[in-house]
Amino acid sequence: MADPVVDFRSDTLTKPSPAMREAMASALVGDDVFDEDPTIHELQAEVAALFGHEAALFAPSGTMANQIALQLAVPRGDELLCDAAAHIVSDEIGAAAALSGISTRTWPAVGAAVDVAAVESMIRPEGFVAVPTRAVAVEQTHNRGGGGVIPLSTLQDLRSVADRYGVHLHCDGARIWHAHVADGVSLAEYGALFDTLSVCLSKGLGAPVGSLVVGSASHIAAARKLRKRLGGGMRQAGILAAAGLYALRNNIARLADDHARARRLAEALAPAGVVDPAQIRTNIVPLDLTKASLDGPAFAAAARERGILTSVLGPRLVRLVTHLDQTGEGIAHAEAVLPTLLA
Ligand SMILES: *Cc1c(COP(=O)(O)O)cnc(C)c1O
């Protein structure tokens, strides 16, 4: 097998660049459990300001950031609504149930689409048999939904519904930067629509570690305690926050390149009938191999032989993710080779 020349498995695979490592090496640090790390303070203030919220809290992972936000919003036993493919319920090791006793009902996942009227019809008050709905969570961009972007107007409608019923609206914004770049909606516009958001520095932005919970000062004060309880109190983690600050300041605008590359890959693969390029809005390219000559594992194995790593998400579903550690040569190689595997 040739050495991998291009790795499309995930945008979490990126490694800190020399400049990012320099920022980490020179970071001022303190004990963050004592709330004394100046670089973490800087990161938290910068992210809160970007989203137009009062405060933010640095967390070791997106999973922890999401679960802290859910604990803020949903008392034990009460209910969260989200779609069935949401990371919060599908990819967090059952955390909402296992750690927080949260009941979940889901609506069917169709890409990144949100049918606001259908969500509204699911919201329930306390009853003889029902626990009350306390929160609705959406994912922007949608990971299993092919990197799809929820339109701003849909989110505005959802906010109106949340206000009408007094439910908490949470955004799993692991890749909200990609939505911002794809749709030209400011982070502050997104921020204004949610009670809490979780955002990831370690995906497309290229930092090695770190996510934040964003919200009101009172939510974030409570979140600090929940983070410590979950074992997420870190000490001189300013060294990690410095990587996050570097990522925020240097790696957002360039996501447009990842989106363009994803679209080009989809265009190269469109004649094989496995993807519709018009559906590719950000950095994720799902390949539906239902009608292809190879199934998911066979396609991935053949690609690997040619130095191209992909993720198999189902018997006939493969995913490609573009990110900042891929080279122009690697992308060109994939564009040339992948279609021939399906010919
Ligand atoms: C990656 C991701 C997360 C967080 O994952 P961690 O691996 O815990 O950092 C949350 N939501 C979505 C949609 C993601 O893609």
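Here are the questions and answers, one term at a time.

Modeller: This is a predicted model, where local features need pLDDT of at least 70, side-chain atom pairs count only at pLDDT 80 or more, and totals for chains, interfaces and linings use all residues. Residues are numbered from 1 along each chain as its sequence is written, and side-chain values use heavy atoms, without hydrogens and water.

Colleague: Why is Asn251 called buried?

Modeller: Buried means under 20% relative accessible area (1.4 Å probe, protein chains only). Asn251 has 8% relative accessibility, so Asn251 counts as buried.

Colleague: What does the side chain of Asn251 reach?

Modeller: The backbone oxygen of Leu205, at 2.8 Å. A polar contact is a pair of N or O atoms within 3.5 Å, one able to donate a hydrogen and the other to accept it.

Colleague: Where is Asn251 placed?

Modeller: In the loop between α11 (238-250) and α12 (255-269). Helices are DSSP runs of H or I with at least four residues; strands are runs of E with at least two.

Colleague: What is the handedness of the crossing of α2 and α11?

Modeller: Left-handed. That term means the near helix is turned anticlockwise from the far one by less than a right angle. Helix α2 (residues 38-50) and α11 pack at about 35 degrees, with axes 8 Å apart. Axes are lines fitted to C-alpha atoms over the stretch in contact, and angles run from 0 to 180 degrees between N-to-C directions.

Colleague: How many bridges pair β9 with β12?

Modeller: Five, in the antiparallel sense. Pairing takes at least two bridges found by DSSP. One of the bridge partners is Leu320 in β12, facing Val285.

Note on methods: Buried means under 20% relative accessible area, exposed over 50%, partly exposed in between (1.4 Å probe, protein chains only).
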